[in-house]
Amino acid sequence: MPTLILDIETIGEEFDLMDKVTQKDLTKRIRQESSGEAELETKLQDLKDELVFSPLTGEVVAVGVLDSEKEKGVVYFRADEAKQKIKPKVLDGVELKQVKDERDMLEKFWEGASKYDTFVTYNGRGFDVPYLWARSAKYGISPTVDLMTSRYLSLQRGAKHIDLMDLLSFYGANWKKGSLHQWCRLFDIKSPKGDGVSGDDVTQLFRDKKYQEIAEYNARDIIATNELFKKWREFYS
């Protein structure tokens, strides 16, 4: 049963470059709810920071996949400088591989995914997979496997999607689900945030053209997720 660990990194659009209709649509509620200019400015900044979380206002800049059994993987990452070629690098068995654009990255992901029947994520049902699905549809790319058939593992048909956030919290019975970092801390797994980068930093890193730092963070994410998967398989499954 070949198992693929999956994680993505995303960035938000620049709000000030959006068309006026979209800006108005996004800010309608906060304008109604704000009591003054100071509160409006605070909420507007929060809104800009959250554009990264939706495929409607964000983009995928890295997709990391790791074969759990072989402990080898690849991070496909974007570098939006046409002339900038970043030398390939291998980080703990994960190759960092530059692609030309988002479409190329998504095509490579779905092509590779077709060779697996079990997928592991952390909050993949709530974030990674719906995001990948929407961005792929934008380019006319059809998923090669269905990773959203059922939330419950026992009811899934075809490809299995093991979302560790769901399973470690017993599908929300433990309402404090915790972050990947917190679960890594519990099990003495090296956290992907251990080198000072988190998902919140990715948009700025991309704008600063620090593409390899994003790829390295994504590699640490899938490596940590794989170690957490091993703990789940040993003590929970």
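**Group meeting: contacts and surface of a predicted model**

Start at Thr-57. A polar atom of its side chain sits 2.8 Å from the backbone oxygen of Leu-51. Keep in mind that this is a predicted model. Where is Thr-57 placed? In the loop between H2 and strand E2, which covers 58-67. Is Thr-57 buried or exposed? Its relative accessibility is 9%, so Thr-57 counts as buried.

Now step back to helix H2 itself. Helix H2 covers residues 37-50, and Glu-50 lies in it. Glu-50 has 48% relative accessibility, so this residue counts as partly exposed. Glu-50 also belongs to a negative surface patch.

Next, salt bridges. Side chains of opposite charge can pair when their charged atoms come close. How many salt bridges does the count give? Eleven. I will take a few of them.

Lys-89 pairs with Glu-216. The closest N and O atoms are 2.8 Å apart. How covered are the two partners? Lys-89 has 30% relative accessibility and therefore counts as partly exposed. Glu-216 has 17%, so Glu-216 counts as buried. The cut-off for buried is under 20%.

Then Lys-108 and Asp-104. They form a salt bridge, with the closest N and O atoms 2.7 Å apart. Both sit in helix H3, residues 102-113. They are four residues apart there, so about one helical turn separates them. Lys-108 is partly exposed, with a relative accessible area of 29%. Asp-104 comes in at 12% relative accessibility, so Asp-104 counts as buried.

Back to helix H8 for another pair. Lys-230 and Glu-227 meet through their side chains in a salt bridge, 3.1 Å from N to O. They are three residues apart in helix H8, so again the separation is about one helical turn. Lys-230 counts as partly exposed, at 25% relative accessibility. Glu-227 is partly exposed too, with a relative accessible area of 31%.

There is also a network. Which residues does this network of salt bridges link? Glu-33, Glu-39 and Lys-43.

Now a nonpolar patch on the surface. Phe-170, Phe-235 and Tyr-236 form it. Together they have about 350 Å² of accessible area. Phe-235 lies in helix H8, which covers residues 211-235. At 55% relative accessibility, Phe-235 counts as exposed. The cut-off for exposed is over 50%.

Last topic: backbone angles. Glu-71 is not a glycine, yet its phi is positive, about 55°. Where does Glu-71 lie? In the loop between E2 and strand E3, residues 72-78. Glu-71 counts as partly exposed, at 37% relative accessibility.

Tyr-171 is another residue other than glycine with a positive phi, near 55°. Tyr-171 lies in the loop between helix H5, 164-168, and helix H6, 180-186. Its relative accessibility is 26%, so Tyr-171 counts as partly exposed.

Terms used. Residues numbered from 1 in each chain as written. Predicted model: local features only at pLDDT ≥ 70, side-chain atom pairs only at ≥ 80, totals over all residues. Heavy atoms only, no water. Patch = residues over 30% accessible without salt bridge, like charges linked within 9 Å, V, L, I, M, F, W, Y side chains within 5 Å. Areas by Shrake-Rupley, 256 points an atom, 1.4 Å probe, with all protein chains shown as cover. Salt bridge = Lys/Arg side-chain N within 4 Å of Asp/Glu carboxyl O. Lys, Arg positive; Asp, Glu negative; His and termini not counted. Charge placed at Lys NZ, Arg CZ, Asp CG, Glu CD. Helix = DSSP H or I, 4+ residues; strand = E, 2+ residues; numbered from the N terminus. Buried < 20%, exposed > 50% of the residue type's maximum accessible area, 1.4 Å probe, protein only. Polar contact = N/O pair within 3.5 Å; in protein donor to acceptor, adjacent residues only side chain to side chain.
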